[in-house]
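Come along and keep the view open beside you.

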Amino acid sequence: MIEIKLQEIAQKRGIDNGYKLQKETGFPEGMAYRLWKGKWKQADLKTLNTLCNVLKCTPNDILKFTPDEE
């Protein structure tokens with residue numbers, strides 16, 4: 001399972017809502033809102049790269065991987 005920790009890391013950087021995320025990243029409003037709310041279905045590397053550059057972090061800071069139970 002992959003857990004999304006975007007809000008946690010963004011708030012540490014002064015971004016406390018989807019609107020501010022949109023303004024900082026340049027993402028379309030709907031996309032920024034989905035990312036902020038953790039409603040990701042998939043993320044491409046360009047999106048992840050932009051988030052990491054804006055938040056000055058690594059993908060590992062935004063995403064947490066826990067193996068699925070068998």
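My entries below cover a core, a pair of helices and one threonine.

**Entry 1: the core.** I noted at the start that this is a predicted model. I then looked up the largest nonpolar core and found 16 residues in it. The residues with the most contacts inside this core are Leu6, Leu21, Leu51, Leu55 and Ile62. Helix 1 (6-12), helix 3 (29-37) and helix 4 (45-55) are the elements that give two or more residues to the core. Helix 4 gives the most, with four residues.

**Entry 2: leucine 6.** Which residues does leucine 6 touch? Leaving out residues up to four places away in sequence, I listed Leu21, Leu35, Trp36, Trp40, Leu51, Leu55 and Ile62.

**Entry 3: two helices.** Next I checked how helix 2 (residues 18-25) sits against helix 4: their axes come within 10 Å and cross at roughly 95°. Angles of 65 to 115 degrees count as roughly perpendicular, so helix 2 and helix 4 are roughly perpendicular to each other. On the helix 2 side I found Leu21, Glu24 and Thr25, which meet Thr50, Leu51 and Val54 of helix 4. I sorted the residues of this contact into three nonpolar, two polar and one charged.

**Entry 4: threonine 47.** Not counting residues up to four places away in sequence, threonine 47 touches Phe27, Met31 and Leu35.

Conventions: Residues are numbered from 1 along each chain as its sequence is written. This is a predicted model: local features need pLDDT of at least 70, side-chain atom pairs count only at pLDDT 80 or more; totals for chains, interfaces and linings use all residues. Side-chain values use heavy atoms; hydrogens and water are left out. A nonpolar core is a set of buried Ala, Val, Leu, Ile, Met, Phe, Trp, Tyr and Cys residues joined through side-chain atoms within 4.5 Å. Buried means under 20% relative accessible area, exposed over 50%, partly exposed in between (1.4 Å probe, protein chains only). Contact means heavy atoms within 4.5 Å. Axes are lines fitted to C-alpha atoms, for helices over the stretch in contact, and angles run from 0 to 180 degrees between N-to-C directions. Angles under 35 degrees count as roughly parallel, over 145 as roughly antiparallel, 65 to 115 as roughly perpendicular and the rest as oblique. Ala, Val, Leu, Ile, Met, Phe, Trp, Tyr, Cys and Pro count as nonpolar, Asp, Glu, Lys and Arg as charged, and the others, Gly among them, as polar.
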